[in-house]
Amino acid sequence: MAVAARKGRTTASPLASITTTAWPGFLDSWLSRIPLPKWALISVAVAVAILLLLFLICIIRCCCGKKKPKKKERINLCGVSNSTTASLVQPEMEDLERGVEQMRRGKLQYSLEYNFRTQELKVGVKQAVDLKAMDSGGTSDPYVIVYLTSDMKKRYETKVYRKTLNPIFNESFTFQVPQAEVPESTLVMQIYDFNRFAKHDIIGEVRLPLASVNLQHVIEQWSELAVASKVEEEQLGEICFSLRYVPSTGKLTVLILEAKKLKRMDSHGLSDPFVKVHLILNRKKWKKKKTSVKKNTLSPYFNELFVFEVPFNQIQNVDVVISVWDHDKVTKNEPIGKLFLGCRATGNQLRHWSDMLSNPRRPLAQWHILQPPDVVDKALGLKSHLKLHLASR
């Protein structure tokens with residue numbers, strides 16, 4: 001048995017040596033640590049090889065295959081920087097809001113009624129909403145000027161409303177318009193921002209050709225305000241003066257300061273302006289004074305003071321007429337423009353007069369736009385052929 005055992009050991013040793021040499025070196029030691037049978041390892045290796053082969057095929061097709069036109073467009077668009085692409089496709093929201101804000105000027109509600117029997121057009125200025133803020137405080141002092149392009153000399157103004165973007169006017173004005181002229185006329189309603197010491201800024205306007213309106217019925221509607229048209233109209237000029245009233249002494253002080261942009265009256269394109277100040281009591285001519293003549297200028301500077309005695313019990317019945325004239329040595333003097341202040345006045349003139357009465361003893365200066373003389377005379381109830389400057393003769 002010992003011999004047999006020895007024989008068995010001698011025959012087994014070659015098998016052991018063959019088994020250990022089948023997986024030599026590092027691979028043998030690494031595989032010996034994986035607790036999987038050989039068939040499982042072979043399956044995993046085959047699966048990994050197939051995945052690698054598919055991945056290589058996809059790369060080759062993407063790189064070497066033909067590109068479609070749509071894909072080219074996408075690549076070209078992606079080649080542009082992100083910021084530029086955003087600005088080309090969609091503007092910034094701040095830019096959009098800023099553009100809308102610049103365009104937004106507000107809305108105006110108005111009414112129209114034409115009387116075919118009397119041939120009169122009644123225009124009602126109702127209210128405005130969401131007006132553009134023109135003052136630094138975020139508000140405006142709006143008022144409306146209404147006129148027809150067929151007769152720009154006849155202009156109406158509403159009252160001025162302080163510090164509001166939603167004024168309620170509720171004022172109406174009547175124009176005498178022959179039926180034959182209606183299709184040729186355009187109604188203009190301009191909203192201005194009042195400014196005591198500077199030019200009044202226009203907020204926007206509504207232009208309504210009457211030919212596009214059915215005047216057989218009363219019309220009441222809203223319209224968006226548009227940028228003011230640059231249609232030129234006759235400009236007579238502006239004048240700046242100060243008013244002061246002292247109730248205790250009954251003294252009304254008028255200080256004529258200056259004028260600008262006056263209408264050219266002479267052949268050489270200038271004028272020789274001077275100013276007359278008339279007082280009308282109970283619609284009758286009462287007192288008058290005038291400044292010196294300024295030669296060859298459309299922007300004269302006067303700075304001349306006039307004092308009138310007006311008892312306190314008469315101040316409500318007095319109209320102050322300011323008129324600018326062109327002096328002529330050969331022919332008679334011609335009026336350039338007029339305006340009047342008092343309790344019967346409207347618009348800026350009424351505001352100036354009311355401010356004077358509300359602030360006794362305090363001088364208040366303001367610019368005013370000159371109006372056609374015949375319009376002012378008609379509003380005062382004066383006949384056009386009776387000139388106020390004849391009263392002192």
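Reply: Let us begin with Asn296, which is found in the loop between β12 (284-290) and β13 (301-309). Please keep in mind that this is a predicted model.

Me: Where is Arg361 placed, and what is its phi?

Reply: Arg361 sits in the loop between α7 (347-358) and β16 (364-369). Its phi is positive, about 70°, although Arg361 is not a glycine. With 47% relative accessibility, Arg361 is also classed as partly exposed.

Me: Let us turn to charge. Which residues gather in a patch of negative charge on the surface?

Reply: The patch consists of Asp151, Glu181, Glu184 and Asp374. One of them, Glu181, belongs to the loop between β5 (168-176) and β6 (186-193). The relative accessible area of Glu181 is 37%, so this residue is partly exposed.

Me: How should I read the cysteines, and how many disulfides does a search of the whole structure find?

Reply: In general, a disulfide is a covalent bond that joins the sulfur atoms of two cysteines. Here the search of the whole structure finds 0 disulfides.

Me: Is Cys240 buried or exposed?

Reply: Cys240 is buried, because its relative accessibility is 8% and the limit for burial is under 20%. Cys343, by contrast, is partly exposed, at a relative accessible area of 37%.

Terms used. Residues are numbered from 1 along each chain as its sequence is written. This is a predicted model: local features need pLDDT of at least 70, side-chain atom pairs count only at pLDDT 80 or more; totals for chains, interfaces and linings use all residues. Side-chain values use heavy atoms; hydrogens and water are left out. Patches are made of residues with over 30% relative accessible area and no salt bridge: like charges are joined within 9 Å, nonpolar side chains (Val, Leu, Ile, Met, Phe, Trp, Tyr) within 5 Å. Accessible areas come from the Shrake-Rupley method with a 1.4 Å probe; for residues, only the protein chains shown count as cover. A salt bridge is a side-chain nitrogen of Lys or Arg within 4 Å of a carboxyl oxygen of Asp or Glu. Lys and Arg count as positive and Asp and Glu as negative; His and the chain ends are not counted. The place of a charge is taken as NZ of Lys, CZ of Arg, CG of Asp or CD of Glu. Helices (H or I, at least four residues) and strands (E, at least two) are DSSP runs, numbered from the N terminus. Buried means under 20% relative accessible area, exposed over 50%, partly exposed in between (1.4 Å probe, protein chains only). A disulfide is a pair of cysteine sulfur atoms within 2.5 Å.
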